[in-house]
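Please take a moment to look over the sequence and the fold before reading on. The paragraphs below lead through a few of its parts in turn.

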Amino acid sequence: NGLASTSRLAVTDSRSKNPACHYDMTNVARLFLPTSQTISITPEASLIDYAQYAWPPSQSNAKLIKYDASHLLLMVKKALRQKKPSQSNHAAILDVWQELIGLPSKSISKLVRASYSLSHLAIAMLLYALNVSVRASSLNRNKLVTPKTITDYLTTIHDLLASEVQNTYFLLAEEVVIERLYFDAVTASNKFDRHQVVERLRNFHISISKSLYLPDIDFLPIFKISKMQKGYKHRGIARLITPHLYDNVFNAIKRNAYLNEEEQLLHQSMLVLGYRAGLRPEDIALLQVRHLNIETWMLTIRGHQLAASKSTNTPRRVPLSWYLNEEEKAILERLYKRAARLGRAEPKAFLFAIEFSNNLSYDSITHCIVVIKSNLSLLLQSYGGDAKVRFYDCRHSFVNYHLLLLSEAYLDRRYHKTLKAWCRSDDLEDARAQLIYSLVAEQPHVGGTLLYAIAQRLGHS
């Protein structure tokens, strides 16, 4: 019917190609077919190291000091310059991290969780520095890189990204935002060293992605700036989460002994908002009590003075009644009442705030979202058997289910089982009609009317 979604993983051109995930539409739909997967991580044990993570302290017993990337770079340079001959570069950088956050731990996951006093770029740079510090020297493979090499690499990343990400919550950003940041950073760099800059930037992203569960990035447009695209091919990056996997992770959170009741609520709420409502991590961090109406089940997503919304036409609204079952509504209602209680009935209280405080920074709230996002990514990997799946794929799946249901692909019987499970209906025709009605009501859904409505619903308009 000529309909195309506006998601990066669901944009089609006149030849029915999908440039975002580099599959044609037949193969995009094929990803919904049942596959055999091997679970490589013991699910119940997967959150042992991630449980009891550090929430931001109350203002009464601790003072939050924000350390940015520039401050961090100076501290790492000083530490490497003044370290004892017997101390390794890795240990010196680890000491800097421990000193900054006041946690004497060698566990990277625990250090990340407790780093609410560091900027997002500072956390990423620390991980990158640790990764570089254990690499073999290019001149002598029997020796590790020198302190100068580490500081050179770190300085390159700082100079590239510090100004670009200063107003961006880097660890919550989706792939198109990060790609734009990288593209702008390389474009603004000295054209004579762009080849080296792009290589280091790509290496930086790959080295931190595993620990921070960042989305995959298509570097081809960035390579073209430095004329490095020869031999580099697009990679398929679509990973669709099935309703069965979602249910498994949802139920695993409920019975996980390593999360207390509050932590279970926050994890389940974020999973529901990402998979069943298609929200980005940064959208979730911005949600306030006033944005969720538990009478009409209308969710409003809008920007904030602390962080702008990616959507041009904000606010956007999502009718949750069509997407959520009663159990999911009950969870969000508990989240709503908890936030209202902690916020003393303040409409602008954040839904994911840990405790009420007039001085509780938005930075601290985003860090809590980063931690929960990482935990959910780990659970999705554990139960799905795919080590590359990320929380971001919840939104991608939400978008692509719309694409399949609202395009002619829904007529293919091979996809009926999965689509019915996502719609929670045995009647796909009725489910499709209801979804279209929720988008455009009684307006004729021809031409661009329905496409524009979908773009608004998904936050791409």
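Axes here are lines fitted to C-alpha atoms, for helices over the stretch in contact, and angles run from 0 to 180 degrees between N-to-C directions. Helices (H or I, at least four residues) and strands (E, at least two) are DSSP runs, numbered from the N terminus. This is a predicted model, in which local features need pLDDT of at least 70 and side-chain atom pairs count only at pLDDT 80 or more, while totals for chains, interfaces and linings use all residues. Residues are numbered from 1 along each chain as its sequence is written, and side-chain values use heavy atoms, with hydrogens and water left out.

With axes 10 Å apart, helix 10 (residues 243–255) and helix 15 (residues 362–384) pack at an angle of about 120°. That angle makes helix 10 oblique to helix 15, since angles under 35 degrees count as roughly parallel, over 145 as roughly antiparallel, 65 to 115 as roughly perpendicular and the rest as oblique. In this contact (heavy atoms within 4.5 Å), the residues of helix 10 include Leu 245, Val 249 and Ile 253, and those of helix 15 include Leu 376, Leu 380 and Tyr 383. By class, the contact of helix 10 with helix 15 has 8 nonpolar, 2 polar and 1 charged residues, where Ala, Val, Leu, Ile, Met, Phe, Trp, Tyr, Cys and Pro count as nonpolar, Asp, Glu, Lys and Arg as charged, and the others, Gly among them, as polar.

Helix 16 (residues 392–406) and helix 17 (residues 416–423) also pack at about 120°, with axes 11 Å apart. Among the residues that make this contact are Phe 398 and Tyr 401 of helix 16 and Leu 419 and Trp 422 of helix 17, and by class it has 7 nonpolar, 2 polar and no charged residues.

Turning to the strands, two of them pair if DSSP finds at least two bridges between them. Strand 3 (residues 292–293) pairs with strand 4 (residues 298–301) in the antiparallel sense over 2 bridges, and Leu 292 has Leu 299 as its bridge partner. These two strands form a hairpin with 4 residues between them, and Trp 297 in the turn has a positive phi of about 55°. Strand 4 also pairs in the antiparallel sense with strand 5 (residues 316–319), over 4 bridges.

Finally, pLDDT is the predictor's confidence in each residue, from 0 to 100. The chain averages 79, and 76% of the residues score at least 70. Confidence is lowest in strand 1 (residues 17–18), at a mean of 40, and highest in strand 3, at 95. Where pLDDT is low, the predicted coordinates should not be read in detail.
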